[in-house]
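Me: Could you walk me through this structure with a few questions and answers? I'd like the cut-offs spelled out as we go.

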Amino acid sequence: MSKIQDVSNAVQSGKSKIVGGLVQEAINEGLDPAEILNKGMIDAMSIVGEKFKNNEIFVPEMLVAARAMKKGVEVLKPHLAGDNTVSVGKLVIGTVAGDLHDIGKNLVAMMMESAGFEVIDLGVDVPVEKFVSAAKENEDVSIVCVSALLTTTMPAMKDTVKALLDSDVRDRIKIMVGGAPITQGFADEIGAEAYTEDAASAAQVAKSFVSSTVA
Ligand code: B1M
(Lines give C-alpha, C1' and ligand atoms only; values in the text may rest on other atoms or scores of the structure.)
Protein backbone atom coordinates (compact mmCIF):
# COMPACT_ATOMS: atom_id res chain seq x y z
CA MET A 1 0.00 0.00 0.00
CA SER A 2 2.83 2.40 0.79
CA LYS A 3 4.21 2.23 -2.76
CA ILE A 4 0.75 3.13 -4.04
CA GLN A 5 0.73 6.00 -1.57
CA ASP A 6 4.12 7.09 -2.96
CA VAL A 7 2.64 7.08 -6.49
CA SER A 8 -0.37 9.05 -5.28
CA ASN A 9 1.80 11.62 -3.50
CA ALA A 10 3.99 12.05 -6.59
CA VAL A 11 0.95 12.52 -8.85
CA GLN A 12 -0.66 14.98 -6.46
CA SER A 13 2.48 17.07 -6.24
CA GLY A 14 3.13 16.84 -9.98
CA LYS A 15 6.46 15.04 -9.75
CA SER A 16 6.53 13.88 -13.38
CA LYS A 17 10.16 12.79 -13.28
CA ILE A 18 9.71 10.24 -10.51
CA VAL A 19 6.17 8.93 -11.10
CA GLY A 20 7.19 6.48 -13.84
CA GLY A 21 9.90 4.97 -11.63
CA LEU A 22 7.54 4.63 -8.68
CA VAL A 23 4.92 2.93 -10.85
CA GLN A 24 7.57 0.53 -12.14
CA GLU A 25 8.64 -0.24 -8.56
CA ALA A 26 5.01 -0.92 -7.61
CA ILE A 27 4.70 -3.30 -10.57
CA ASN A 28 7.97 -5.02 -9.60
CA GLU A 29 6.58 -5.53 -6.11
CA GLY A 30 3.73 -7.44 -7.71
CA LEU A 31 1.01 -4.89 -7.03
CA ASP A 32 -2.12 -5.08 -9.17
CA PRO A 33 -1.82 -2.62 -12.11
CA ALA A 34 -5.55 -1.77 -11.83
CA GLU A 35 -5.04 -0.88 -8.16
CA ILE A 36 -2.01 1.26 -9.00
CA LEU A 37 -4.17 3.09 -11.55
CA ASN A 38 -7.29 3.45 -9.39
CA LYS A 39 -5.80 4.07 -5.96
CA GLY A 40 -2.45 5.56 -6.94
CA MET A 41 -3.51 7.82 -9.80
CA ILE A 42 -7.26 8.30 -10.33
CA ASP A 43 -7.89 8.82 -6.59
CA ALA A 44 -4.92 11.22 -6.54
CA MET A 45 -6.56 13.31 -9.26
CA SER A 46 -9.77 13.43 -7.21
CA ILE A 47 -7.78 14.82 -4.29
CA VAL A 48 -6.21 17.38 -6.65
CA GLY A 49 -9.73 18.32 -7.85
CA GLU A 50 -10.97 18.75 -4.28
CA LYS A 51 -8.00 20.98 -3.42
CA PHE A 52 -8.69 23.07 -6.53
CA LYS A 53 -12.35 23.40 -5.55
CA ASN A 54 -11.30 24.57 -2.09
CA ASN A 55 -8.86 27.12 -3.55
CA GLU A 56 -5.92 25.33 -1.96
CA ILE A 57 -4.28 24.90 -5.39
CA PHE A 58 -4.82 26.51 -8.80
CA VAL A 59 -4.81 25.59 -12.53
CA PRO A 60 -0.99 25.26 -12.87
CA GLU A 61 -0.91 22.68 -10.06
CA MET A 62 -3.77 20.74 -11.70
CA LEU A 63 -1.83 20.81 -14.95
CA VAL A 64 1.40 19.43 -13.47
CA ALA A 65 -0.56 16.73 -11.64
CA ALA A 66 -2.15 15.78 -14.98
CA ARG A 67 1.28 15.60 -16.61
CA ALA A 68 2.58 13.41 -13.80
CA MET A 69 -0.38 11.07 -14.13
CA LYS A 70 0.26 10.74 -17.86
CA LYS A 71 3.84 9.67 -17.16
CA GLY A 72 2.59 7.03 -14.75
CA VAL A 73 -0.01 5.75 -17.22
CA GLU A 74 2.69 5.37 -19.90
CA VAL A 75 4.55 2.93 -17.66
CA LEU A 76 1.35 1.14 -16.64
CA LYS A 77 -0.13 0.81 -20.12
CA PRO A 78 1.56 -2.45 -21.21
CA HIS A 79 0.53 -4.03 -17.92
CA LEU A 80 -3.13 -3.11 -18.34
CA ALA A 81 -3.33 -4.04 -21.99
CA GLY A 82 -4.89 -7.36 -22.92
CA ASP A 83 -4.54 -9.39 -26.11
CA ASN A 84 -5.27 -6.86 -28.82
CA THR A 85 -3.76 -8.70 -31.73
CA VAL A 86 -7.16 -9.30 -33.34
CA SER A 87 -9.30 -6.28 -34.16
CA VAL A 88 -12.85 -6.59 -32.87
CA GLY A 89 -13.96 -3.31 -34.40
CA LYS A 90 -13.18 0.33 -34.95
CA LEU A 91 -14.32 3.33 -32.93
CA VAL A 92 -13.96 7.07 -32.76
CA ILE A 93 -13.30 8.87 -29.47
CA GLY A 94 -12.89 12.49 -28.43
CA THR A 95 -13.50 15.11 -25.77
CA VAL A 96 -16.22 17.60 -26.73
CA ALA A 97 -15.78 21.18 -27.95
CA GLY A 98 -14.59 23.61 -25.30
CA ASP A 99 -13.21 20.85 -23.07
CA LEU A 100 -9.47 20.23 -22.70
CA HIS A 101 -9.57 17.32 -20.23
CA ASP A 102 -8.11 14.20 -21.78
CA ILE A 103 -6.87 11.83 -19.08
CA GLY A 104 -10.17 9.99 -18.70
CA LYS A 105 -10.70 9.94 -22.45
CA ASN A 106 -7.16 8.56 -22.93
CA LEU A 107 -7.85 5.84 -20.37
CA VAL A 108 -11.04 4.88 -22.20
CA ALA A 109 -9.08 4.78 -25.48
CA MET A 110 -6.42 2.62 -23.82
CA MET A 111 -8.96 0.15 -22.39
CA MET A 112 -10.69 0.00 -25.77
CA GLU A 113 -7.39 -0.82 -27.48
CA SER A 114 -6.74 -3.45 -24.85
CA ALA A 115 -10.15 -4.93 -25.61
CA GLY A 116 -9.12 -5.23 -29.27
CA PHE A 117 -10.63 -2.08 -30.81
CA GLU A 118 -8.88 0.09 -33.36
CA VAL A 119 -9.22 3.59 -31.96
CA ILE A 120 -9.40 6.84 -33.91
CA ASP A 121 -8.62 9.45 -31.26
CA LEU A 122 -9.79 12.93 -32.26
CA GLY A 123 -8.21 14.52 -29.18
CA VAL A 124 -9.74 17.31 -27.12
CA ASP A 125 -11.93 20.32 -27.92
CA VAL A 126 -13.46 18.40 -30.79
CA PRO A 127 -16.12 20.29 -32.79
CA VAL A 128 -19.42 18.51 -33.41
CA GLU A 129 -18.79 18.31 -37.16
CA LYS A 130 -15.48 16.53 -36.62
CA PHE A 131 -17.14 13.68 -34.70
CA VAL A 132 -19.68 13.31 -37.50
CA SER A 133 -17.18 13.47 -40.35
CA ALA A 134 -14.83 10.98 -38.66
CA ALA A 135 -17.70 8.52 -38.35
CA LYS A 136 -18.73 9.16 -41.97
CA GLU A 137 -15.25 8.89 -43.47
CA ASN A 138 -14.47 5.64 -41.68
CA GLU A 139 -17.14 3.27 -42.90
CA ASP A 140 -16.13 0.49 -40.53
CA VAL A 141 -16.60 2.63 -37.40
CA SER A 142 -19.38 1.15 -35.29
CA ILE A 143 -19.03 3.12 -32.03
CA VAL A 144 -18.53 6.81 -31.27
CA CYS A 145 -17.30 7.62 -27.74
CA VAL A 146 -17.86 11.11 -26.42
CA SER A 147 -16.23 12.42 -23.23
CA ALA A 148 -16.93 15.61 -21.24
CA LEU A 149 -15.49 16.69 -17.91
CA LEU A 150 -17.12 20.05 -17.33
CA THR A 151 -20.73 20.83 -16.53
CA THR A 152 -20.32 23.75 -18.96
CA THR A 153 -19.46 21.38 -21.83
CA MET A 154 -22.38 19.01 -21.26
CA PRO A 155 -24.42 21.03 -23.82
CA ALA A 156 -21.64 20.36 -26.36
CA MET A 157 -22.04 16.65 -25.63
CA LYS A 158 -25.78 16.99 -26.22
CA ASP A 159 -25.14 18.78 -29.54
CA THR A 160 -22.61 16.14 -30.59
CA VAL A 161 -24.97 13.27 -29.84
CA LYS A 162 -27.83 15.05 -31.63
CA ALA A 163 -25.70 15.63 -34.74
CA LEU A 164 -24.70 11.96 -34.78
CA LEU A 165 -28.32 10.86 -34.30
CA ASP A 166 -29.43 13.16 -37.14
CA SER A 167 -26.65 12.04 -39.50
CA ASP A 168 -26.78 9.30 -42.09
CA VAL A 169 -24.32 7.14 -40.09
CA ARG A 170 -26.84 6.79 -37.30
CA ASP A 171 -27.92 3.26 -38.25
CA ARG A 172 -24.44 1.79 -38.08
CA ILE A 173 -23.12 3.42 -34.90
CA LYS A 174 -23.68 3.15 -31.18
CA ILE A 175 -23.01 6.29 -29.16
CA MET A 176 -21.27 5.99 -25.80
CA VAL A 177 -20.84 8.88 -23.37
CA GLY A 178 -18.96 9.40 -20.13
CA GLY A 179 -17.01 11.78 -17.91
CA ALA A 180 -17.32 12.91 -14.31
CA PRO A 181 -20.44 15.14 -14.61
CA ILE A 182 -22.32 12.72 -16.89
CA THR A 183 -25.08 10.51 -15.49
CA GLN A 184 -27.23 7.72 -16.86
CA GLY A 185 -30.16 10.14 -16.75
CA PHE A 186 -28.32 12.70 -18.89
CA ALA A 187 -27.23 9.99 -21.34
CA ASP A 188 -30.87 8.84 -21.67
CA GLU A 189 -32.08 12.41 -22.08
CA ILE A 190 -29.70 13.14 -24.97
CA GLY A 191 -30.25 9.78 -26.68
CA ALA A 192 -26.88 8.09 -26.18
CA GLU A 193 -26.95 4.29 -26.28
CA ALA A 194 -24.63 3.86 -23.32
CA TYR A 195 -23.20 5.65 -20.32
CA THR A 196 -20.46 4.11 -18.23
CA GLU A 197 -18.83 5.46 -15.14
CA ASP A 198 -15.30 4.30 -15.86
CA ALA A 199 -12.95 3.23 -18.62
CA ALA A 200 -12.97 -0.49 -17.84
CA SER A 201 -16.76 -0.76 -18.00
CA ALA A 202 -16.77 1.35 -21.19
CA ALA A 203 -14.63 -1.33 -22.85
CA GLN A 204 -16.94 -4.10 -21.61
CA VAL A 205 -20.02 -2.34 -22.99
CA ALA A 206 -18.29 -1.65 -26.32
CA LYS A 207 -17.43 -5.34 -26.61
CA SER A 208 -21.03 -6.27 -25.91
CA PHE A 209 -22.11 -3.98 -28.75
CA VAL A 210 -19.87 -5.64 -31.32
CA SER A 211 -20.63 -9.17 -30.15
CA SER A 212 -24.38 -8.47 -30.37
CA THR A 213 -23.84 -7.17 -33.94
CA VAL A 214 -22.01 -10.35 -34.91
CA ALA A 215 -24.60 -12.66 -33.29
CO1 B1M B 1 -10.11 20.79 -14.70
N2 B1M B 1 -11.79 20.66 -13.72
N3 B1M B 1 -10.48 22.52 -15.31
N4 B1M B 1 -8.30 20.69 -15.38
N5 B1M B 1 -9.81 19.17 -13.63
C6 B1M B 1 -12.16 19.42 -13.08
C7 B1M B 1 -12.93 18.51 -14.04
C8 B1M B 1 -13.04 19.93 -11.86
C9 B1M B 1 -14.08 18.89 -11.38
C10 B1M B 1 -12.12 20.39 -10.70
C11 B1M B 1 -12.94 20.89 -9.51
O12 B1M B 1 -13.41 22.00 -9.52
N13 B1M B 1 -13.12 20.05 -8.50
C14 B1M B 1 -13.68 21.23 -12.48
C15 B1M B 1 -15.00 21.03 -13.21
C16 B1M B 1 -16.17 21.57 -12.41
C17 B1M B 1 -17.44 21.39 -13.15
O18 B1M B 1 -17.54 21.51 -14.33
N19 B1M B 1 -18.46 21.12 -12.39
C20 B1M B 1 -12.57 21.70 -13.41
C21 B1M B 1 -12.43 23.03 -13.88
C22 B1M B 1 -13.39 24.04 -13.29
C23 B1M B 1 -11.46 23.39 -14.84
C24 B1M B 1 -11.24 24.77 -15.46
C25 B1M B 1 -12.53 25.52 -15.85
C26 B1M B 1 -10.39 25.56 -14.45
C27 B1M B 1 -10.12 27.00 -14.84
O28 B1M B 1 -9.53 27.29 -15.85
N29 B1M B 1 -10.59 27.90 -14.01
C30 B1M B 1 -10.38 24.43 -16.70
C31 B1M B 1 -11.21 24.14 -17.96
C32 B1M B 1 -10.35 23.99 -19.18
C33 B1M B 1 -11.16 23.46 -20.33
O34 B1M B 1 -11.34 22.25 -20.43
N35 B1M B 1 -11.67 24.33 -21.18
C36 B1M B 1 -9.71 23.18 -16.24
C37 B1M B 1 -8.44 22.78 -16.66
C38 B1M B 1 -7.79 21.66 -16.24
C39 B1M B 1 -6.36 21.32 -16.62
C40 B1M B 1 -6.04 21.65 -18.09
C41 B1M B 1 -5.44 22.13 -15.73
C42 B1M B 1 -6.27 19.81 -16.22
C43 B1M B 1 -6.57 18.83 -17.38
C44 B1M B 1 -5.32 18.31 -18.04
C45 B1M B 1 -5.65 17.18 -18.97
O46 B1M B 1 -6.66 16.51 -18.93
N47 B1M B 1 -4.72 16.96 -19.86
C48 B1M B 1 -7.42 19.67 -15.23
C49 B1M B 1 -7.56 18.59 -14.31
C50 B1M B 1 -6.37 17.67 -14.20
C51 B1M B 1 -8.71 18.39 -13.54
C52 B1M B 1 -8.99 17.33 -12.47
C53 B1M B 1 -8.20 17.72 -11.22
C54 B1M B 1 -8.66 15.91 -12.84
C55 B1M B 1 -9.33 15.40 -14.11
C56 B1M B 1 -8.81 14.02 -14.39
O57 B1M B 1 -7.97 13.84 -15.24
N58 B1M B 1 -9.26 13.03 -13.58
C59 B1M B 1 -10.56 17.45 -12.29
C60 B1M B 1 -11.02 17.10 -10.89
C61 B1M B 1 -11.63 15.72 -10.81
O62 B1M B 1 -11.84 15.04 -11.79
N63 B1M B 1 -11.98 15.33 -9.64
C64 B1M B 1 -10.85 18.76 -12.88
C65 B1M B 1 -8.78 11.65 -13.68
C66 B1M B 1 -9.52 10.95 -14.81
C67 B1M B 1 -9.06 9.50 -14.91
O68 B1M B 1 -10.88 10.96 -14.48
O69 B1M B 1 -11.50 12.30 -16.54
O70 B1M B 1 -13.21 11.75 -14.75
P71 B1M B 1 -12.02 11.39 -15.53
O72 B1M B 1 -12.29 10.00 -16.29
C73 B1M B 1 -12.92 8.91 -15.64
C74 B1M B 1 -14.44 8.87 -15.82
O75 B1M B 1 -15.03 10.13 -15.85
C76 B1M B 1 -14.62 8.03 -17.04
O77 B1M B 1 -13.49 7.16 -17.09
C78 B1M B 1 -12.40 7.68 -16.30
C79 B1M B 1 -12.01 6.67 -15.21
O80 B1M B 1 -11.83 5.39 -15.65
N81 B1M B 1 -14.74 8.64 -18.36
C82 B1M B 1 -15.48 8.00 -19.31
C83 B1M B 1 -14.22 9.75 -18.89
N84 B1M B 1 -14.60 9.87 -20.16
C85 B1M B 1 -15.37 8.81 -20.46
C86 B1M B 1 -16.01 8.42 -21.64
C87 B1M B 1 -16.75 7.23 -21.64
C88 B1M B 1 -16.86 6.47 -20.49
C89 B1M B 1 -16.23 6.84 -19.32
O90 B1M B 1 -17.41 6.76 -22.72
C91 B1M B 1 -17.29 7.44 -23.93
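Me: Which elements are included in what covers the buried residues of α6?
Reply: Happy to start there, with a predicted model in which local features need pLDDT of at least 70, side-chain atom pairs count only at pLDDT 80 or more, and totals for chains, interfaces and linings use all residues. Residues are numbered from 1 along each chain as its sequence is written, and side-chain values use heavy atoms, with hydrogens and water left out. Helices (H or I, at least four residues) and strands (E, at least two) are DSSP runs, numbered from the N terminus. The cover over the buried residues of α6 includes β1, β3 (141-147) and α7 (154-166).

Me: Which residues of α6 are buried, and within what arc do they fall?
Reply: Buried means under 20% relative accessible area, exposed over 50%, and partly exposed in between (1.4 Å probe, protein chains only). In α6 (residues 128-137) the buried residues are Val128, Phe131, Val132, Ala134 and Ala135. Looking down the axis, with the arc taken from the directions from the helix axis to the C-beta atoms, these residues line one face of the helix because they fall within an arc of 160°.

Me: Which exposed residues does the opposite face of α6 carry?
Reply: An α-helix has 3.6 residues a turn, so residues three or four places apart point the same way. The face of α6 turned away from its buried side carries the exposed residues Glu129 and Glu137.

Me: Where is Thr95, and which residues does it touch?
Reply: Thr95 is found in strand β1, and its 0% relative accessibility puts it among the buried residues. Contact means heavy atoms within 4.5 Å. Leaving out residues up to four places away in sequence, Thr95 touches His101, Asp102, Lys105, Gly123, Val124, Asp125, Val126, Phe131 and Ser147.

Me: Which protein residue is the donor to the cobalt atom of the ligand, and how far away is it?
Reply: Donors are N, O and S atoms within 2.8 Å of the metal (3.2 Å for Na, K and Ca); water is not among the atoms, so sites may look incomplete. The loop between β1 (89-95) and α5 (103-114) holds His101. The single donor from the protein is NE2 of His101, at 2.2 Å.

Me: How many residues are around the ligand, and which come nearest?
Reply: Here a residue is near a molecule or strand if one of its heavy atoms lies within 4 Å of it. There are 36 residues around the ligand, and those that come nearest are Leu100, His101, Asp102, Ser147 and Thr151.

Me: How far from a nitrogen atom of the ligand is the side chain of Ser147?
Reply: A polar contact is a pair of N or O atoms within 3.5 Å; within protein, one must be able to donate a hydrogen and the other to accept it, and residues adjacent in sequence count only if both atoms are side-chain atoms. On the backbone side, a polar atom of Gly104 is 3.5 Å from an oxygen atom of the ligand, and a backbone N or O atom of Ala199 lies 2.9 Å from an oxygen atom of the ligand. For the side chain of Ser147, an N or O atom is 2.8 Å from a nitrogen atom of the ligand.

Me: Which members of the largest nonpolar core touch the most other members?
Reply: A nonpolar core is a set of buried Ala, Val, Leu, Ile, Met, Phe, Trp, Tyr and Cys residues joined through side-chain atoms within 4.5 Å. In soluble globular proteins, nonpolar side chains tend to be buried together. Of the 41 residues in the largest core, those touching the most other members are Met41, Met112, Phe117 and Met176.

Me: Which helix gives that core its largest share?
Reply: That share amounts to 7 residues, and it comes from α5.

Me: Is Thr196 buried or exposed?
Reply: Thr196 sits in the loop between β5 (194-195) and α9 (199-214). Its side chain reaches the backbone oxygen of Asp198 at 3.4 Å. With 11% relative accessibility, Thr196 counts as buried.

Me: What is the phi of Asn55?
Reply: Asn55 lies in the loop between α3 (33-53) and α4 (59-80), and is exposed, with a relative accessible area of 55%. Although Asn55 is not a glycine, its phi is positive, at about 60°.
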